[in-house]
Amino acid sequence: MKTLYLVRHAKSSWNIPGLGDIDRPLNERGYSDAHEMAKRIRKKNSSQGAGSSGNIIISSPAIRAVSTALIFARTFSIDPSRVHLHPLLYDTSSKHYQSVIASLQDEFNNAFVFGHNPVITETANLLGGTELVDMATCGIVGIEFDVLTWKQAAEADGQLIFYDFPKNDGA
């Protein structure tokens, strides 16, 4: 069994004129939401091992995605040096996301992938059979795959186990 957590980066700042898209940082709400969602997912999924040091975290190289991933890593007590950056998760396609997922080491049963809309929503819909229109910032989609390898998971129909986001009152 493999479980994929697709996480859209938290809310970013547009307050620095001339700053390139890849360099935009999180804003105050983004930091707050990332901490809240990391705690929420750790609590919600502690029985499944989510949030343990045996997980893998992969992020887009964009500052807002990396910052979100690092907050999750700290909350999960994962050494920040174990957050892997992958250029195929920035300004890309769902096929590239699938390629990144397929390349994951099979020793990890849980993978957290931090990225951007619209591609992260498209990937959730493709792999999880969802019909999301637009994942919220710092939204998390959890998808389970009844497979042994990440290569199989990247090509399989997974089962949506949850979708959570900062303004979700039912969490």
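Two strands are said to pair if DSSP finds at least two bridges between them, and strands (E, at least two residues) as well as helices (H or I, at least four residues) are DSSP runs that are numbered from the N terminus. The structure described here is a predicted model, in which local features need pLDDT of at least 70 and side-chain atom pairs count only at pLDDT 80 or more, whereas totals for chains, interfaces and linings use all residues. Residues are numbered from 1 along each chain as its sequence is written, and side-chain values use heavy atoms, with hydrogens and water left out.

By this criterion, strand E2 (residues 56–59) and E3 pair in the parallel sense over 3 bridges, and isoleucine 57 stands opposite valine 83 in E3. The two strands belong to an open sheet of 6 strands, which follow one another in the order E3-E2-E4-E1-E5-E6 with mixed pairing. At the edges of this sheet are strand E3 (83–85) and strand E6 (159–164), each of which pairs on one side only. On average, neighbouring strands of the sheet are turned by 20° against each other, direction ignored; here, axes are lines fitted to C-alpha atoms, for helices over the stretch in contact, and angles run from 0 to 180 degrees between N-to-C directions. Helix H2 (residues 63–75) lies across strand E1 (2–8), E2, E3, strand E4 (110–115) and strand E5 (140–145), and runs at about 165° to E2.

The next element considered is helix H4 (119–128). A residue is called buried under 20% relative accessible area, exposed over 50%, and partly exposed in between (1.4 Å probe, protein chains only). Because 7 of the 10 residues of H4 are buried, this helix is largely enclosed by the rest of the structure. The buried residues are Val119, Ile120, Thr121, Thr123, Ala124, Leu127 and Gly128, and what covers them includes E1, H3, E4, E5, helix H5 (150–155) and E6, where contact means heavy atoms within 4.5 Å.

Two packed helices are described by the angle between their axes and the distance between the axes. The axes of H3 and H4 come within 9 Å and cross at roughly 65°. Angles under 35 degrees count as roughly parallel, over 145 as roughly antiparallel, 65 to 115 as roughly perpendicular and the rest as oblique, and H3 and H4 are therefore roughly perpendicular to each other. The crossing in which H3 passes H4 is right-handed, with Ser94, Tyr97, Gln98 and Ile101 of H3 making the contact with Val119, Ile120, Glu122, Thr123, Leu126 and Leu127 of H4. A crossing is left-handed if the near helix is turned anticlockwise from the far one by less than a right angle, and right-handed if clockwise.

Backbone features were examined on both sides of H4. In the loop between E4 and H4, which holds proline 118, the peptide bond from asparagine 117 to proline 118 is cis, with omega near 5°. Just after H4, glycine 129 takes a positive phi of about 65°. Cysteine 138, found in the loop between H4 and E5, also has a positive phi of about 65° although it is not a glycine, and this cysteine is buried, with a relative accessible area of 0%. Phi of aspartate 91 is likewise positive, near 50°; this aspartate is found in the loop between E3 and helix H3 (94–102) and, at 72% relative accessibility, counts as exposed.

A search of the whole structure finds 6 salt bridges, a salt bridge being a side-chain nitrogen of Lys or Arg within 4 Å of a carboxyl oxygen of Asp or Glu. One of them joins arginine 8 to aspartate 134, with the closest N and O atoms 4.0 Å apart. Arginine 8 lies in strand E1 and aspartate 134 in the loop between H4 and E5, so the pair ties together parts that are 126 residues apart in sequence. Arginine 8 counts as buried at 15% relative accessibility, whereas aspartate 134, at 52%, counts as exposed. Another salt bridge is formed by the side chains of arginine 40 and aspartate 164 (3.0 Å, N to O). This pair also links distant parts of the chain, with arginine 40 in helix H1 (residues 28–44) and aspartate 164 in strand E6, 124 residues apart. Both partners are buried, arginine 40 with a relative accessible area of 15% and aspartate 164 at 2%.
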